[in-house]
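Here is a brief report on one protein chain.

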Amino acid sequence: MVTKEEILDAIANMSVMEVADLIKMMEEKFGVQAAAAAVAVSGAAAGAAPAAEAEEPTEFNVVLKSVDAAKKIACIKEVRAVTGLGLKEAKDLCENGGTIKENASKEESAQIKEKLEAAGCVIEVKAAG
């Protein structure tokens, strides 16, 4: 009896036209269609896609939600230090809230959040995208 490996080796040595003819012969002999197998494989791959999307994000946006009124000056100073903004821009950001940093790494966003919360800010870190 011929082994599966020998069959695969024989197919590997065939031209594309010979393989196409072999597939047609197999479809006729066994009453199946090769396209059905391709649909099943692509369906399985499509089902696996959501699992790939569930990966942990690598970029985050750091958003200032609010500021403790009693610590407003400390918050403005820390926002200026983190962002490099001028006094007026940092003050406006502290009063109105908004994005402090976009597309920051997980470590960088955690450091920024820690510094700003210590100064009296309420910070939210969201996955970028």
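## Burial and overall layout

A residue counts as buried when its relative accessible area is under 20%. The model is predicted. Buried residues make up 16% of the 129 residues in the protein chain.

The chain has 6 helices and 3 strands. From the N terminus, their order is α-α-α-β-α-α-β-α-β. Take the contacts between residues at least 6 apart in sequence: 68% of them join residues at least 24 apart. The accessible surface is about 9,300 Å², with 58% belonging to carbon and sulfur atoms.

## Nonpolar core

The largest nonpolar core has 13 residues. Those touching the most other members are Leu-64, Val-79, Cys-94, Ile-100, Leu-116, Cys-121 and Ile-123. Two or more core residues come from each of strand 1 (60-67), helix 4 (72-83), helix 5 (87-96), helix 6 (106-119) and strand 3 (121-127).

Cys-94 touches Leu-64, Val-67, Cys-75, Ile-76 and Val-79, leaving out residues up to four places away in sequence.

## Asn-61

Asn-61 sits in strand 1. Is this residue buried or exposed? Asn-61 is buried, because its relative accessibility is 18%, and the cut-off is under 20%.

A polar atom of the Asn-61 side chain lies 3.0 Å from the backbone nitrogen of Asn-103. Beyond four places in sequence, Asn-61 also contacts residues including Lys-101, Glu-102, Glu-124, Val-125, Lys-126 and Ala-128.

## Helix 2

Just after helix 2, Gly-31 adopts a positive phi of about 65 degrees.

Note on methods:
Residues numbered from 1 in each chain as written. Predicted model: local features only at pLDDT ≥ 70, side-chain atom pairs only at ≥ 80, totals over all residues. Heavy atoms only, no water. Core = buried A, V, L, I, M, F, W, Y, C linked by side-chain atoms within 4.5 Å. Buried < 20%, exposed > 50% of the residue type's maximum accessible area, 1.4 Å probe, protein only. Helix = DSSP H or I, 4+ residues; strand = E, 2+ residues; numbered from the N terminus. Contact = heavy atoms within 4.5 Å. Polar contact = N/O pair within 3.5 Å; in protein donor to acceptor, adjacent residues only side chain to side chain. Areas by Shrake-Rupley, 256 points an atom, 1.4 Å probe, with all protein chains shown as cover.
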